[in-house]
Structures are given as C-alpha cells and as structure tokens.
Amino acid sequence: MDLIHDFFHDALFFYRSNPSVKGDQPKNRFKVTVHSDKLSIVPEGSNTPIDVVVFEDIVAVNHGDLTMQITLLEAKPKGCFSKAGRRRRDVYLKRQQSSNTLDLTATALLHYALGDLDEMVNSAECPTRTRVLLLINPASGKGKAENLYYKYAAPLFKLAGDRFAVETVKTVSTQHVRHLGMDNADKYDAFITCGGDGVMHELLQGIYHLPDGQYLIKHLRFGMLPGGSGNGLSTSAVYSSEKDFFGDIAGFVGDFNAAMRLILRGKTTSVDAAMISVDDDSAENKTIIGFLNATWGFFSDQQSPKSNIGDLKAGTKVWVFYQMQKSPRDPAWFAVDTHVQGYNRPQIGWTDRWQPAVVINDFKEAEFNPARHETYVKVRYEHRIWFDREQDVLNTTDTRNIEQAYYPSDVRLTEPSTPSLSVFVVRWGNPNFGNVNEYDWQSWGEAGSNVSDTYICHMMQKGIRKVAKNDYEVLSAFVTSAEDLRKISPLAIRQMLTGRHKAAMYFLWPTAFEDNITDAGGYIDKDAFFELMVGVEAMGVPTMFPHPSHLLDTIVSKAFYAHLCTIPDLHMPPTTRVSRGHVVASPDSAARLTWERLSALCDMTSGGVQKKKPLPRGAIAKLGYSWEAADVRTCDNIGELSYQMLDLFEQKGCKVDSVFVQQRVPVDLELRMFVVNGKVERILYTRFRAVNSAGLFIDFEHETKTAEAAKKWFRGDVPRLQEVERICYHIIDQFYKWMDTESVYGSPANRFDFLVGYDRDDGTAGPSVYLGEVGELGFSMVDFPEGPRKVFKEIGIRCLKTTQECNDESCCCRPFSNWSPKRKRNEE
C-alpha cells in the first residue's frame with residue numbers, strides 16, 4: 001500500500017474517463033488521493049473530487065510508459081428508462097512526472113483492489129494465470145450468446161490477460177459439452193459457460209461421472225455468463241453478491257457485466273446441488289447432478305435441429321444437402337452433368353446443393369447422437385459423375401466412394417423446391433499450382449487469403465449457410481487463366497441458376513500482368529476478369545464479393561488517390577499519376593517533372609507551410625492492381641524515382657499504363673481499422689521494421705493494444721495515439737460519404753490502413769495522419785478474430801436483400817426484412 005501512496009502523493013496527472021463523468025475536464029491537471037476503499041480525483045487547486053474510483057469495481061489495471069488505465073465495472077442505478085446494472089468504464093491517468101514504479105504500482109493497485117495484495121507479496125511463488133476453458137453455445141439466447149460474449153466479455157478477458165489464460169470452444173450438442181468436461185477436467189483451473197443453464201448442466205454431468213468427479217466438482221471453479229433464454233444459475237450467483245445494490249432481482253437478470261465482475265474479481269459463492277438417482281437399467285447415467293430445480297434448463301443444439309424425417313429404412317430415397325468442402329481439409333469433389341464439363345477448362349459444376357441419394361443403413365431418429373458418427377443417416381449418392389479440380393474423375397463403380405453420413409437436419413424426404421439463393425462462384429482451379437492454400441497465417445489470419453480454400457469455406461459456412469441455412473445452391477467455375485475466364489458464357493450461367501435471389505462471387509486477384517508469369521496462384525488478368533464480371537452483371541446477377549465491378553475497379557486500380565488527395569478531410573498523401581509512355585521515353589525527365597508537380601501539390605495541400613522543403617522524406621512509387629505491397633517502392637531523390645518508376649514498368653509481363661507517385665509521409669506505425677457496415681469493429685497497429693536495399697518494405701510486425709503500440713513505436717504517448725484514433729474515425733466517415741457517390745449500396749466491409757507519424761513534417765502541432773490504403777473485401781483479417789463471423793454474415797444478408805425483390809413468405813430472406821444498407825457512423 002505504501003508503494004501506491006508514494007506513486008500518487010504530490011504528483012500531477014492528466015485525467016480522462018471513457019465514458020466521461022459529470023465534470024470531466026481532460027485538459028486540466030489533477031491530483032489523486034488514495035483512500036482505503038477508493039481513489040479520489042481532484043482538480044489542481046480544488047478540494048472537490050470530480051471522479052471517484054471505487055476499488056470494489058476494479059477488474060483490470062494496465063499501463064503504458066506514463067499512463068495507467070483502470071478498468072471498472074461499476075454500479076449503475078435504475079433510471080427512468082433503464083434498469084439497474086453494471087457498466088464498463090475506463091479511467092486513464094497520465095503522470096506528468098516520470099516514474100520508474102508505474103508497472104509495480106499498477107500491479108499493486110490491482111491486487112489491493114482485489115483484496116489479495118498481502119497474499120501476493122508474501123508468496124514465494126511466481127503468480128500464475130488461471131487456466132480457463134470457456135464454452136460458448138452459439139444457439140443459446142436465440143443465437144445471441146456468441147455476439148454477447150465477443151461484445152462484452154472478450155475485451156475484458158484481454159485486459160485481464162495477465163491473470164487469465166482463456167481458451168474458447170463452441171459447443172455443438174449436449175454430448176459434446178459432456179465430453180468437453182470429461183476430457184478437460186484435469187487440464188484447467190476453471191470452466192466458464194456462455195449460454196443458458198443447460199450448458200452448465202451438461203458440463204457438470206460429464207465431470208461428475210469421472211472416477212474422481214465429486215472431488216473435481218468441489219475443487220474446480222465454475223462461472224456462468226448469461227447468454228441463454230433462461231439464466232437462472234447466473235442470476236442466483238449474481239444476486240448473492242449484488243442484492244444490496246440492485247434490490248429487486250429482476251433488475252439484473254442477464255446482466256453480462258455483473259457476471260464478468262464476479263469472474264474477474266475471483267468472487268465465489270456456494271450453490272446447492274441435487275443428485276438424483278434414476279431407477280432405469282437402460283439409462284446411460286443412473287445419477288444426475290442438478291441445481292435450482294428438477295427441470296434445470298434447456299439445451300439448444302447448434303447443428304442438430306429437430307428434423308421431421310423420423311425413422312428411415314435402408315433403401316429409402318432421400319435428398320441430402322451436399323457441400324464440397326465444410327472445411328479446407330475435406331476432399332473436393334463436385335457434381336457435373338457430363339464428363340466434358342469435368343475434363344475441359346474451365347471446369348464448372350455444383351459444389352453446394354441438394355443431391356438425390358438412397359439410405360443404405362436403417363436410421364433410428366431416437367438413437368441419433370451428434371457425438372457418435374455411426375448414428376448418422378448413411379446414404380449413397382444417386383448422381384454418378386464427380387470430378388476434382390485436377391480433372392480426375394471419381395470411380396463410382398466402387399460405391400464406397402459415393403457413400404457419406406449426414407445429420408438428420410441435412411436430409412429430406414421430398415424433392416426440394418426452388419432455392420432461395422443461387423450463388424455463382426469463380427475461384428482458382430488447381431489447388432496444387434501456385435500454392436494458393438499455402439498462405440502466411442501471420443499475415444492473413446485464420447480466414448486465410450481470399451483466393452484460398454480456407455477463405456471460401458469460411459464464406460460459405462459463416463456467411464451463406466448462416467443466413468440461408470440449406471436453402472441455397474452454389475455453382476462454381478474453376479479457372480487458371482484469362483483464357484478460362486473468356487470461355488465462360490454469362491448467359492449460360494444465368495440460365496443454370498434457379499434461385500429466387502442470384503449473386504456472384506469472385507475469389508481471385510485481378511492484376512495488370514500477363515498470366516502465369518510467376519509460380520503464384522490466384523492472380524488473373526484484370527481485363528478478362530472485369531469483362532466476365534460485367535457480362536454476368538448484365539445478366540441480372542449482381543456481384544456480392546468482392547464488390548460490383550465498377551467499385552472494385554476503382555479501389556484496386558488506386559485511381560481514387562489522385563482524384564481525392566486535395567480534399568483535406570480525407571487526409572490522403574499528395575498523389576500524382578505518371579504515364580508509362582513518358583517514363584519509358586525519358587525516365588529522368590519524367591522523374592524531374594513528377595518531383596516538381598508533387599512538390600506543388602504538397603505546397604497546396606499544406607497551405608504553403610511546406611514550400612521550402614515540400615518532400616523532406618522523398619516519395620513513394622506504386623502500381624495499381626497490385627497485391628501484398630509487392631509493387632511499392634521508396635524513393636529518396638529524383639534519381640531513385642527515375643530508376644524505380646522504370647523498374648516497375650519493366651517487370652516481366654507488366655501491362656500497367658501508369659504509376660502513382662505520392663509524398664512519403666512520416667510513418668512511426670500503421671494503424672489498421674476493420675470496418676463492417678460503416679462501423680469500426682477492430683483496431684490493429686502494424687509496422688514494417690525495415691526497407692531493404694531495393695526499396696521494398698520488409699519484416700512485418702503488429703500489436704493489438706493501444707498502450708503497447710504507443711510503448712513500442714509512439715514514445716509511450718497513449719493520449720496522442722488516442723487522438724490519432726479519433727482522427728481516423730473522422731476520415732472513415734468522410735470516405736464513406738464519397739463512396740456513396742460510387743455505389744448506392746456502399747460496402748459491407750473494408751480495412752483502412754493509416755500512416756501515422758508522431759510529428760508533422762510541416763512543423764505544426766499534433767500527430768501526422770494519412771490514409772495509406774483502403775482494402776477491398778478480401779482484406780487480411782489477421783488479429784480480427786470476430787472478422788470472419790461479422791463480415792461474412794453481412795455479405796450473406798446482402799446476397800438476399802440487395803439482389804432481387806422478393807415477396808415469397810417461405811424465402812430465407814424474410815428474417816432479414818428489417819435490414820437496411822444504411823451504414824453506421826463512428827463519430828455519433
């Protein structure tokens with residue numbers, strides 16, 4: 001406690017609260033007074049506190065070089081239009097005088113607030129993190145449990161990462177939950193469930209029936225996050241801690257923050273449990289452990305909804321919903337009508353669709369168990385012509401090759417009607433050429449690159465299937481060259497698609513280089529690419545990934561940089577465009593003129609303050625229709641600009657007509673903002689550590705915490721970096737206003753890359769912020785774990801709501817009748 005008193009005593013602090021409190025004055029200086037149960041924040045020269053930090057509400061304390069971030073889950077009284085509960089608030093205290101004890105003070109403050117400071121100080125052992133297995137039931141709470149977890153709980157667990165090592169797993173069935181308990185009871189210190197009471201009930205059954213189950217249940221810790229329709233156990237646990245504050249128990253049913261406060265502060269309470277013996281020899285477990293009451297919860301299976309097929313006899317003709325790849329590791333066979341479709345390029349076939357089949361083993365619906373493969377519906381396909389992407393045909397004379405087991409929910413007894421959605425997919429044809437599936441996970445994230453099988457599987461499972469269930473079909477074309485693209489008939493494709501809604505997706509990289517000039521796969525000639533897109537759109541099949549042809553061309557060509565760089569609110573580096581003909585004819589002359597024109601642009605956009613030295617850091621030369629920063633060069637002077645522009649054009653197979661030259665701006669770090677439907681959902685700080693002798697950016701690294709990024713690359717100045725974030729929010733809102741002029745439906749998602757410098761080259765006060773890149777759909781989602789779920793679902797909804805008008809009550813678009821393309825704003 002002395003360390004805490006010494007740190008705050010006679011020191012002055014800059015103070016900020018998010019959200020703010022009444023009387024918040026972030027620009028003034030403050031003193032902090034330490035009491036036994038709280039911190040009082042008092043303006044300099046005053047005796048009246050404007051804020052109080054109650055220790056009982058603290059759940060995490062983090063720090064940068066000079067700034068302490070205190071995270072609270074504090075009590076919020078009942079209002080006229082809101083119920084009582086707990087809300088998150090972050091208090092930032094930046095010490096004006098340097099201190100070498102900030103890290104120790106932050107740790108001491110946290111543990112004093114948690115009530116275990118003496119225990120920590122006197123312990124001879126190093127503190128360890130609590131190992132937690134967190135089970136999320138995505139079907140709980142009408143499908144909202146997962147969203148609740150990532151909105152409220154996940155950010156707090158990240159802030160408390162020094163105390164909790166959390167591993168999450170999504171549950172698929174009651175048996176899955178039981179097995180998770182049985183298999184992991186000795187591997188974790190605690191189990192937390194996010195769902196209804198049923199998840200915890202099944203977890204306890206699995207652990208209890210281990211040989212030492214009773215001991216484990218007494219000594220393990222269990223937590224519940226209220227994500228279900230009924231949250232009786234969570235409410236009971238919170239009530240015992242919060243009843244004095246909330247009063248009426250109805251006031252905090254389902255309060256996520258109240259539950260998280262108990263978990264993060266290590267508050268435990270005993271709950272009575274009942275053991276019920278079942279006198280039934282056929283029962284799998286004769287003893288059941290329960291809590292609250294005899295009907296202690298309902299469990300909603302995620303992937304095994306109740307079916308209407310009943311028992312099935314061998315020989316019964318059925319229809320099954322076939323998916324070529326539920327995961328990228330699955331064998332990739334697709335159905336074609338004739339052998340010619342499989343042997344010729346491009347290959348075109350059905351990759352997701354209802355297929356006729358015959359049941360080959362008796363199926364008992366009452367015996368179906370998602371955890372036991374032998375209880376599934378086992379069928380043999382009636383369709384006999386199947387190919388893979390290497391033009392190999394499946395040997396169907398051996399009927400074992402066309403047998404597969406299905407969930408009952410993917411089986412139907414009658415021929416399906418017209419699907420709600422038809423999707424035409426164009427993708428790379430040969431997975432063994434060009435290494436399209438050998439993406440760099442650290443650069444692309446779990447979804448992979450947008451030309452990979454992994455990415456397409458995520459799109460189908462988390463986007464199309466998420467919104468359309470089994471009411472869709474996918475027709476795929478597998479291409480490896482521009483010639484393949486030009487062979488595809490848009491009219492023929494349109495006639496093959498039978499759905500009420502029709503959409504097209506293109507998982508390729510259009511480039512202004514000739515085909516097959518490198519070993520890289522997924523690259524395709526842009527002229528053939530856009531020719532096909534425009535042709536398919538002309539048949540009434542809108543492009544839903546990445547973007548409509550005109551918008552995609554605008555973004556990947558990078559032409560908008562030169563068009564928009566003189567608009568101050570967009571913070572784009574001054575940019576000019578140089579014709580290939582002038583560079584090839586006289587590179588030195590083109591470079592001199594470019595340097596002059598760019599200097600004049602810098603002078604104009606800076607209001608004249610950079611007139612003496614308009615390009616203090618040199619320039620950047622880059623090509624449009626280029627990917628992964630492959631064609632970006634740094635130039636320190638006119639001579640280097642001359643060389644780099646000519647070298648870009650003289651690359652093998654290059655067909656680009658012009659090069660963009662930009663002012664090289666200060667870059668201490670890059671700030672990436674991931675945006676879904678106009679709203680920033682995630683921030684990532686990145687940096688290329690070096691530029692090699694050829695002028696190429698190399699050695700990529702990234703950071704997710706503002707404080708850590710400031711410590712590494714921004715002189716420890718967290719408030720200044722937070723100011724940068726506010727500027728970036730404004731830029732994004734302004735950019736989307738411009739995008740409204742390009743597309744009435746806007747964009748489902750984008751990634752914005754900002755170039756950030758601690759100081760400005762023009763000498764004016766404040767950080768330097770420029771919009772460096774705007775990533776089209778297909779951007780890397782590294783360190784954006786919620787990205788695939790949020791982005792792909794938004795795309796799936798747009799496939800149903802921005803294509804054809806529909807008044808069919810049975811269509812899967814009906815649940816999204818209230819969806820609107822109106823984007824959210826970040827500055828509201």
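Predicted model: local features only at pLDDT ≥ 70, side-chain atom pairs only at ≥ 80, totals over all residues.

Colleague: Which residues of α2 are buried?

Modeller: Here is the general idea to hold on to. An α-helix has 3.6 residues a turn, so residues three or four places apart point the same way. In α2, the buried residues are Leu102, Thr105, Ala106, Ala108, Leu109, Leu110, His111, Ala113 and Leu114.

Colleague: What follows α2?

Modeller: Glycine 115 does, with a positive phi near 85°. You will find a positive phi just after helix α17 too, where lysine 558 has a value of about 70°.

Colleague: Why is α17 described as largely enclosed by the rest of the structure?

Modeller: Count its buried residues, meaning those under 20% relative accessible area. Helix α17 runs over residues 549–557, and seven of these nine are buried, so the rest of the structure largely encloses it. The buried ones are Ser549, Leu551, Leu552, Thr554, Ile555, Val556 and Ser557.

Colleague: What do the buried residues of α17 pack against?

Modeller: Their partners include three helices you can look up: α16 (526–538), α18 (559–564) and α23 (718–742). The strands β30 (658–663), β34 (749–757) and β35 (768–775) are also packed against them.

Colleague: Where is the place of aspartate 783?

Modeller: Aspartate 783 sits in the loop between β35 and α24.

Colleague: Does aspartate 783 count as buried or exposed, or something in between?

Modeller: Its relative accessibility is 26%, so aspartate 783 counts as partly exposed. Setting aside neighbours within four places in sequence, aspartate 783 contacts Arg682, Leu684, His702 and Thr704. Aspartate 783 and tyrosine 685 are 98 residues apart in sequence, yet 9.9 Å apart in space from C-alpha to C-alpha.

Colleague: How many cavities of 30 Å³ or more are there?

Modeller: The general idea first. Rolling a probe the size of a water molecule over the atoms shows where empty space is left. In this model the count is two cavities of 30 Å³ or more, and the largest cavity holds about 100 Å³ of space.

Colleague: Which residues line the largest cavity?

Modeller: The lining is made of Met324, Gln325, Thr351, Asp352, Val425, Arg427, Ile456, Cys457, Met460, Val474 and Ser476. Two or more lining residues come from each of β16 (347–359), β21 (421–428), α13 (453–468) and β22 (472–479). Of these, α13 gives the most, with three residues. By type, the lining divides into six nonpolar, three polar and two charged residues.

Colleague: And the chain as a whole?

Modeller: The chain has 24 helices and 35 strands, and buried residues make up 54% of its 828 residues. Among contacts between residues at least 6 apart in sequence, 70% join residues at least 24 apart.

Key:
Residues numbered from 1 in each chain as written. Heavy atoms only, no water. Helix = DSSP H or I, 4+ residues; strand = E, 2+ residues; numbered from the N terminus. Buried < 20%, exposed > 50% of the residue type's maximum accessible area, 1.4 Å probe, protein only. Contact = heavy atoms within 4.5 Å. 1 Å grid on protein atoms, 1.4 Å probe; cavity = no way out; pocket = protein on both sides within 12 Å on 5 of 7 lines; lining within 4 Å. Points joined across faces, edges and corners; volume = space filled by probe spheres on them. Nonpolar A, V, L, I, M, F, W, Y, C, P; charged D, E, K, R; others polar.
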